[in-house]
Amino acid sequence: MTGGLDRIDLKILRLLQEDGRIGNAELAKRVNTSPATCHRRTQRLFDEGYLRGVRAVVAPEKVGRGSLVLVGVVLDRSTPESFSAFEAAALAMPTVLDCHLVAGDFDYFLKIRVSDMADFNRLHSETLIALPGVRQTRTFFVMKEVVDNAPLSL
């Protein structure tokens with residue numbers, strides 16, 4: 001058991017990570033349960049928060065967002081109010097895929113998708129440096145995505 005999960009629950013999680021479109025009948029067959037039992041287990045995994053959702057993974061280069069940029073952000077103050085204001089602003093930016101509060105030289109790391117360097121330059125000059133409380137940013141253009149959104153090892 002891992003956090004209240006048995007081997008069948010873990011297998012359901014692994015299979016759904018591999019293919020979120022798998023049908024209940026096929027999922028039940030692969031975990032060796034009846035479809036009704038599998039459906040109840042899957043629903044319980046959602047209800048208890050083990051599964052947050054199912055979504056498609058869009059190929060960024062096919063929709064004009066082929067450039068991945070990581071941005072380290074340093075705020076001018078380390079207060080709950082400045083963190084809240086920055087986080088609210090980051091949440092409102094559709095190009096921000098991830099925003100993480102971190103320990104170390106930066107306060108936050110942003111994962112951003114843009115079409116190209118010129119697109120990022122516009123975003124940086126018009127939006128990023130104007131975010132609440134931003135004192136400094138450091139930009140890292142990703143040259144190669146070696147591992148991206150890998151499934152959890154269960």
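I call a residue buried under 20% relative accessible area, exposed over 50% and partly exposed in between, with a 1.4 Å probe and protein chains only. By that cut-off, 31% of the 154 residues in the chain are buried.

Ground rules next. The model is predicted, so I take local features only at pLDDT of at least 70 and side-chain atom pairs only at pLDDT 80 or more, while totals for chains, interfaces and linings use all residues. I number residues from 1 along each chain as its sequence is written, and side-chain values use heavy atoms, without hydrogens and water.

I looked up the secondary structure. Helices (H or I, at least four residues) and strands (E, at least two) are DSSP runs, numbered from the N terminus. I find five helices and four strands, in the pattern α-α-α-β-α-β-β-α-β. The radius of gyration, taken over C-alpha atoms with a globule rule of 2.2 Å times the number of residues to the power 0.38, is 20 Å; the rule gives 15 Å for 154 residues, so the chain is more spread out than a compact globule. The C-alpha box is roughly 55 × 35 × 25 Å along the principal axes.

Then the sheet. I count two strands as paired if DSSP finds at least two bridges between them. The four strands form an open, antiparallel sheet ordered β2-β3-β1-β4. Its edge strands are β2 (96-101) and β4 (134-141). Seven bridges join β1 (residues 67-75) to β4; G72 has R138 in β4 as its bridge partner.

Last, contacts, meaning heavy atoms within 4.5 Å. Of those between residues at least 6 apart in sequence, 63% join residues at least 24 apart.
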